[in-house]
Structure formats: C-alpha cells, structure tokens
Amino acid sequence: MISTRFFVASLMAAASTLVAHAHEGDGGTVTYATDHAPIGVMGDHRHKEGEWMVSYRYMYMDMEGNRDGTDSLSPAEIATTVPNRFAGAPGQPPTLRVVPTQMDMDMHMVGAMYGVSDRLTVMAMTHFIANEMDHVTFMGGMGSTELGSFTTDVSGLGDSSIGVIYGLDEGSRHHHQLNLGLSLSLPTGSLDNTDQVLTPMGMEPTLRLPYPMQLGSGTFDLKPSITGFTRRGDWSLGGQASATLRLDENDEGYTLGDVVEGTAWLAYEFQPSWSVSGRLKAKSQGAIDGIDPAIVAPVQTADPDNHGGETAEAMFGVNFAGNAGILQGNRFAFEVGLPLYRDLNGTQLETDLTLTLGWQRAF
C-alpha cells in the first residue's frame with residue numbers, strides 16, 4: 001500500500017495543479033451541486049465577504065468484528081490467545097476475557113461559517129455523540145466458555161472547534177479554490193463516563209469506560225489542512241490533506257494519537273443542481289500515549305496500544321443544490337463509505353460502514 005505520507009504529499013501537489021487549470025464558468029450566478037466537496041469533507045471551501053452558512057451533519061459509523069493488524073480474530077481466539085496488559089494485578093486474568101463484538105457511533109455536528117472577506121472565512125462547530133458497544137464475557141481466568149453478554153452506552157457533548165480558512169488564489173467561491181485551513185479543537189467532551197459491565201467472575205460493577213467510549217480528547221488540538229478543487233464542464237475534482245495534532249496530555253494522564261489524512265474526489269454533475277461523487281480516503285492514526293489509571297480491565301479497549309492504525313476507504317455520494325423557491329441556497333447531500341484496507345494497531349473492532357447525511361444553508 002502507498003504510505004499515507006506519500007499520498008498526502010501527492011494530494012498537496014495535485015491541489016496546486018487543480019487551480020492552474022480552473023475556469024470561471026458562468027461567473028457564479030448559478031449554485032452548482034459540485035461547488036462544494038462531498039459532504040464528508042470538512043473545511044473545504046470559503047465564502048464571499050458578508051456571506052453566512054449554517055450546517056448540520058449526521059454521521060453514523062458501524063464497527064463489527066475484530067482484527068489485529070490485517071488479520072481477523074474471533075472472540076474465542078482473543079479470549080484464549082491475546083495477553084491482558086494488566087495481568088498480575090489483583091483480579092486480572094492472563095488473557096483478555098471481555099471482547100467487544102460491535103460498536104455503533106451516532107454523531108450530530110452543527111456548524112457555522114462567515115466570510116470576513118472574499119479570502120478569509122471563519123468557522124465554528126460542535127458535536128453531540130452517542131456511542132453503544134456490545135461485549136461478550138468469557139468465564140473465569142481461561143478457556144472459551146461464554147458467561148454472558150452486555151452493552152455499554154454513553155451520549156453527550158463532544159469536542160468543539162473554531163477555525164479559519166484562507167484562500168491562496170483569487171478565484172471565485174465557485175468553480176475553483178485553493179484554501180489553507182487551521183482549526184483549534186476545544187476539549188468540551190467528557191472523559192469520565194461510566195456504565196455497568198459484566199466481569200469474568202459474574203459481578204456487575206459500574207466502571208469507567210475504555211477510551212473509545214469517551215466523548216472527547218481532553219486536549220487542545222491543532223487541525224491544519226490544505227484543499228484544492230476545480231470544475232471542468234460537468235466534472236469537478238479535488239483533494240485535501242489534513243492532520244490532527246495533539247498539543248498536550250489531558251487531565252486523565254494520556255494523549256490520543258495524532259492523525260494524518262488524505263482524500264481525493266471526482267464528481268459528475270448530470271444537472272446543475274444534482275451530482276454524484278466518488279472519493280478515496282487514507283488515514284493514519286497513532287496509538288494512545290500514556291494511560292488513564294481508572295481504566296483497568298481485561299478488555300482490548302482498555303489497552304492504549306490497541307488504538308489507531310492505517311486505513312483506506314472508498315466513498316460514494318449524492319449532492320443536491322437548490323436554485324429556486326424555498327430551496328434556494330440550500331444544499332442536501334449524503335455519502336457512504338466502505339473499507340478498502342485496514343491495518344490496525346493491536347486488537348480492535350474494525351469499521352465496516354460509515355454514512356454521512358448533511359444540510360447546508362448559505363445566505
């Protein structure tokens with residue numbers, strides 16, 4: 001597989017090429033479905049001076065089944081062969097005895113953008129997240145006999161962000177743009193969520209949930225990006241390179257892994273208001289640095305090393321831009337993503353499906 005760093009560097013070079021071949025088209029009198037990137041791409045465009053845009057996105061992620069690196073693992077294999085990081089501590093068995101089998105994540109994102117000038121746009125966004133994870137518990141300290149199953153769930157405010165987008169070109173907001181973005185993620189999501197679990201000894205205590213079930217990073221994070229896109233007739237294409245850089249350790253004693261992403265898309269506009277898109281996305285995320293002393297359990301999600309990895313997805317989307325009546329200025333879109341490649345850091349649930357629905361209103 002091409003490394004993520006190489007892919008991101010290629011996208012940055014491609015973004016410059018896109019602008020060099022752009023054209024003005026109709027001068028911006030019509031809103032095209034391809035004026036924006038697919039709905040799953042954040043911070044892709046800027047606005048003209050004095051223009052506002054409000055947005056709502058709903059994202060669903062389905063994770064089912066486990067793997068270590070590129071190899072799939074059954075719950076029984078995990079329970080009998082994967083070492084428990086906390087083995088030797090009181091009540092901790094030598095291997096993992098609690099195995100996640102499925103996780104659903106629902107995320108609601110509300111945002112606003114404002115054009116300070118034709119080149120500078122400011123933006124803000126916040127998240128509401130609901131996570132649910134199913135587990136199977138194996139009996140005692142060894143073997144593959146199942147004791148039972150349980151589900152944990154948590155919901156609430158996630159992290160928020162503020163940022164800017166600055167245009168490097170003099171093109172109109174329609175048809176082509178080359179933009180630098182920089183956001184600051186604010187640690188508004190909680191890190192101390194708890195729920196009732198089923199232990200290998202048959203007890204049902206309420207414990208702090210492992211890292212994937214917490215709602216924020218707990219740190220201030222920088223999110224730089226560069227995005228370029230252009231329209232050529234009925235076609236548009238674009239690319240974005242972005243990163244999430246953690247600035248410090250959180251109050252619980254750990255730091256989530258840094259993230260580097262690259263994505264490229266191609267869209268076809270079969271009518272001015274309608275388009276379909278295809279997109280590829282590559283992502284590399286580091287493991288967790290440090291550990292929360294309150295998260296101790298014979299389950300893979302409690303091990304900071306079992307987080308992050310390298311993944312690639314194929315995305316397919318549909319976009320609609322309103323040009324008349326009550327739909328004027330409104331955009332509706334959806335995008336579905338399927339995995340192409342997954343090389344995970346340690347034993348983890350694998351992502352099988354992502355779905356994003358969105359509405360945007362410019363005025």
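Modeller: What follows begins with the salt bridges and then turns to the core and the surface.

This is a predicted model, in which local features need pLDDT of at least 70 and side-chain atom pairs count only at pLDDT 80 or more, while totals for chains, interfaces and linings use all residues. Residues are numbered from 1 along each chain as its sequence is written, and side-chain values use heavy atoms, with hydrogens and water left out.

Side chains of opposite charge can pair when their charged atoms come close. With a salt bridge taken as a side-chain nitrogen of Lys or Arg within 4 Å of a carboxyl oxygen of Asp or Glu, the count comes to twelve salt bridges. One of these pairs Glu350 with Arg67, where the closest N and O atoms are 2.5 Å apart. That pair links distant parts of the chain, since Glu350 is in strand S17 (residues 330–362) and Arg67 in strand S1, 283 residues apart; strands here are DSSP runs of E with at least two residues, helices are runs of H or I with at least four, and both are numbered from the N terminus.

Burial is expressed as relative accessible area, with buried meaning under 20%, exposed over 50% and partly exposed in between (1.4 Å probe, protein chains only). Glu350 counts as buried because its relative accessibility is 10%, and Arg67 is buried because its relative accessible area is also 10%. A further salt bridge joins Arg342 to Asp352, with the closest N and O atoms 3.1 Å apart. Here Arg342 is buried, at a relative accessible area of 15%, whereas Asp352 is partly exposed, at 24%. Arg67, Arg342, Glu350 and Asp352 are linked in a network of salt bridges.

Elsewhere, Asp169 forms a salt bridge with Arg46, and their closest N and O atoms are 3.1 Å apart. This pair, too, links distant parts of the chain: Asp169 is in the loop between strand S6 (160–167) and strand S7 (176–186), and Arg46 is in the loop between helix H1 (4–20) and S1, 123 residues apart. Both Asp169 and Arg46 are buried.

The nonpolar interior comes next. A nonpolar core is a set of buried Ala, Val, Leu, Ile, Met, Phe, Trp, Tyr and Cys residues joined through side-chain atoms within 4.5 Å. The largest has 15 residues, of which Met103, Met107 and Met213 touch the most other members. Two or more residues are given to this core by each of strand S1 (52–69), strand S3 (98–115) and strand S4 (120–138), and the largest share, four residues, comes from S3. Gly111 also lies in strand S3 and is buried, at 9% relative accessibility. Its C-alpha is 9.6 Å from that of Ser160, although Gly111 and Ser160 are 49 residues apart in sequence.

A nonpolar patch of about 600 Å² includes Leu222 and Leu245 among its members, and Leu222 is found in strand S10 (residues 221–232). Asp248, Glu249, Asp251 and Asp289 form a negative patch, in which Glu249 belongs to the loop between strand S11 (235–246) and strand S12 (254–255). Glu249 counts as partly exposed, at 47% relative accessibility.

Technical notes: Patches are made of residues with over 30% relative accessible area and no salt bridge: like charges are joined within 9 Å, nonpolar side chains (Val, Leu, Ile, Met, Phe, Trp, Tyr) within 5 Å. Accessible areas come from the Shrake-Rupley method with a 1.4 Å probe; for residues, only the protein chains shown count as cover. Lys and Arg count as positive and Asp and Glu as negative; His and the chain ends are not counted. The place of a charge is taken as NZ of Lys, CZ of Arg, CG of Asp or CD of Glu.
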